[in-house]
Amino acid sequence: MTILHGGFLLAEQLFRPKALAELTKSDWEHVGRPIVEALREISSATACSQSFAWKKKALIIIWAKVLEPYPITPSDMETRWQEDVFFSVGNMIPTINHTVLFELLKSLEASGLFIQLLMALPTTVCRAELERFLEHMTIDTSSKDVAFFLDVWWEMMKHKGNQQDPLLSQFRTVAHKYLSSSDDFSHPPKRFKSDPDVCPTMPLLAMLLTGLKQIQDRILCPGMKCCALANLADMLTVFALMEEDPQEVSATVYLDKLATVISVWNSDTQNPYHQQALAEKVKEAERDISLTSLARLPSETIFVGFEFLRSLLQGWGEELQALLNSSQGTSYDSFRLCDSLTSFSQNLKLYLDTTSLAKEERQVVSELAECVGDFLRKTNSVVRSKGSEQDITASIAMAIIEQKMDRHMEMCYIFASERKWAFSDEWLSCLLNNRALFREPGLVLKLLETVMEVGTTDRAVSEPQIKQVVDLILECYAHLSLPDKNKVLSGVLLSWGRKGLSEKLLAHLEGFQEDLNTTFNQLTQSASEQGLAKAVASVARLVILHPEITVKKVCSMAVVNFGTHKFLAQILTAFPALRFTEEQGPDRSTTFMVSCLKETVWTKLSTPREEKQFLELLSCLVSPTKPQGIPVAALLKPDEVLKEFVLPFLMLEVKEVDLSLRIFIQTLEGSTNLEEYWLQSCSPFPLIFSLCQLLDGFSKYWQLPKEKRCLPLDGKDLAIHILELLCEVVSANADTFSSDTWVKSLSWLHRKLEQLDWTVGLRLKSFFEGHFKCEVPATLFEICKLSEDEWTSQAHPGYGPGTGLLAWMECSSISSSISEQMLALLVVDVGNPEEVRLFSKGFLVALVQVMPWCSPQEWQCLHQLTRRLLEKQLLHVPYSLEYIQFVPLLNLKPFAQELQLSVLLLRAFQFLCSQSCRNWLPVEGWSHVVKLLCNSLTNLLDSVRLIQSVGPWAQGQEQDLTQETLFFYTQVFCHVLHIMAMVHQEVCEPLYVLALEILTCYETLSKTNPSVSSLLQKVNEQHFLKSIAENISPEERRQTLLQKISNF
């Protein structure tokens, strides 16, 4: 500030004996030079970035000095030293007047700073100061005064304010203090009344319009006339005709406007911005093309402006048309005139069409519109091209990005999209230096699109350049949040499909396969929730480069690597973008995720463990677990799983049918909590029928070739359970169908079931209840009291006379509830021994006919039914003494049912192994019935152990059942060995294991009761059991059994 002080001292010396407070406009040329040079020295002595700030600070100090009330009392002096931040420096400056301030601003051509400082002042002071400025301009008006006035007016329209500038805030505070202590500002200028509701700029613009009228005769230069008309047209367009909050022009149009303005500046050597750096030009051009208004001029001012514009056009029109039509190069003033009048003309027409105007007003506007239109028609279009110089649009966009100017993010999108700019040195440098700005999903995608197109079509672009840019883009991608990475991945899949960036950039992605293998080896070795975020970040890079290979790798490893499926599923579900439906391929409804699973692991699962992991992987993809801090989303929908992995495989001859059923039940049970009734999209009634068709296949199971029996009879129980659950879910959601649709669907299903075995339809008894009766063979009515309201007879091939009991037993095997109903409806006269005897024989025959086709659960139903029949004494099973050396003096009543059941099973196998039946079943069929038998006998052993352990038994008296239990074990052992002797050797393994278990039970019990283990009795029992075991082959099994017996 010493330099500033020195400048004023020199000026004061030059003006002596007069004081600077008396300086007039005419004195400035002689006196003002030291002050101007001081300000210029201050600006040049500081760093470039600080020069403007120092100039601003100096002018604030000078203006504050001008506003300072005079004279100063001692008390005011003390207060200002404490409170006025500018007083210490301003006090060094002699007292000055407004002439010094305005002339200094004019000499410095600081119109922009003038408006900044003016608009920072309190409203009353601001208007008073502008009034003084206008008065100053009208005195001895020179061409420099006109030029400065026009610049000030233009700056006023461009002004947007800077609420965060501390210097301006301090200046405003000081002015407020001066305002309260001075009479100079107690009243606003006489010609303008203060209105706090009016935007502060509006009265100022009206004042400037009045000022223009006062100096119009001094506007002689054609360039200044162009500028005056352009200012007036712009003011009326922005502050009178346009909407208060107009829609922002597109970034492309904005950039084109900037390029046009800067091109004109570059060709106009007289323009002050001609020699400026591009960044400075862009900053100023941004202000020139971004005029906005927060309010409208008063209507009175608008029409004054309309009439004045018309007057000026009429007065200056011919001269300016000659200038514009001449062969001289386009100056910025002439460019602005045409551009401003063109915009004004367009908005004026809209104003005429949309605004309600009085007749006189409409006439004024119409005449003005005609005048402006006529002027433009007689004027050649201003050349808007950039002349012969190279297109500067790219440079402007990059300058905006580099300097982070207004709308720089929009420029980033244009930068990323423009193919013709890509890979130039400037483009590469801009991307490298400003890569942090491009960390947005939209920008990453735009850059990828540009690189993919240019990199593969422009041979001039080198591979190192492409790799450099791809690496930069991937760096931007790596810094995105996970949701934003998914947006990019979604765009990549949509644009380039499952091959991702590798579709066109594979040559520039060296080492991808190596990175893939290394990454996943590390993942599987450190699979933990703590490392999940890092794992997701690693996979994010791979999946965008080649989605297909990456996802297939994850799917394969999730199945093969034990225990990693949950961790890998969490990684996949972190990328919901993978739920992408491909537009190409045979099935356009199949999602990318499903395709990868089917192509990689489905049909290739080789072990039960792999199948288990695949099941759990599907579960995690349908219902993902939510790890802390990582958003996840389902990649598969339940209906999608059924359509892709279940429905096509519900056939006995398909090898995946077993796994498909397990997927089916997992999906049904795992999705019960979903709010949406998702089964509707799977066509539930055809789905039910598909299951029924599968069950129908079991009715002819052993007649099918081995290669068509891919699902064991054990799987029938799972199919039945799924059918029951499916029917429950569909019934519970019946209200999602219209009543008409529901009835039609039931009728359709009922008709379709007529093609299948009648027992399949009976499984839907509850589902059809209230709509259709249960259809059964007519012979069932012969042995059951069936209600005709609920049951109806149908002629079924294979159910002739005497097959009623067979149909009854098939019904009973369906479910425990139907079994109970069949038992209750059975007609057998217990008081008629002959009838019971015939029923018992028929029961055994029916049991033999049904057993081979029973699933374990169906066989369990028949097992329980047999017990109930024995309890009710409806079934007679005589117990022969073929495996007894002497009649035991034992109480076998507690084990009567168990012994009868064992004998019944023996008789059934004797029947099955007879000449008439032994060719019914293939080896697998024999294996199945042996398995059913072993299950039943194991149940008997459990039952006997329970009875034996409960005691005391019978009439509340203590009685030991050890001898009875041992007797039971010997009998069942003999029955098992008898059956082993009858069936094929290759199916005897379960029976052999059961025989060993029985011997273990016998040995354990006999050793715990030494009272009954006399030497003679033990020898006799061993001899008896050995005599039975001697008949067993092969030798290996026989010797093992004999050794076991010898150890008693």
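1. Start with the contacts: taking those in the chain with a separation of 6 or more, 77% are between residues 24 or more positions apart (a contact being heavy atoms within 4.5 Å). Bear in mind that this is a predicted model, where local features need pLDDT of at least 70, side-chain atom pairs count only at pLDDT 80 or more, and totals for chains, interfaces and linings use all residues. Numbering runs from 1 along each chain as its sequence is written, and side-chain values use heavy atoms, with hydrogens and water left out.

2. On overall shape, the C-alpha trace spans about 155 × 65 × 65 Å along its principal axes. The chain's radius of gyration is 51 Å, whereas a compact globule of 1048 residues would have one near 31 Å (taken over C-alpha atoms; the globule rule is 2.2 Å times the number of residues to the power 0.38).

3. For secondary structure, you get 48 helices and 2 strands (DSSP runs numbered from the N terminus: H or I of at least four residues for helices, E of at least two for strands).

4. How much of the chain is buried? Buried residues come to 52% of the 1048 (buried is under 20% relative accessible area, with a 1.4 Å probe and protein chains only).

5. Helix H10 covers residues 143-158 and reaches 23 Å from first C-alpha to last, close to the expected 22 Å (1.5 Å times one less than its number of residues). H10 is mostly covered, with 12 of its 16 residues buried. Among them are Phe148, Phe149, Trp153 and Trp154, but also the charged Asp145, Glu155 and Lys158.

Note on methods: Buried means under 20% relative accessible area, exposed over 50%, partly exposed in between (1.4 Å probe, protein chains only).
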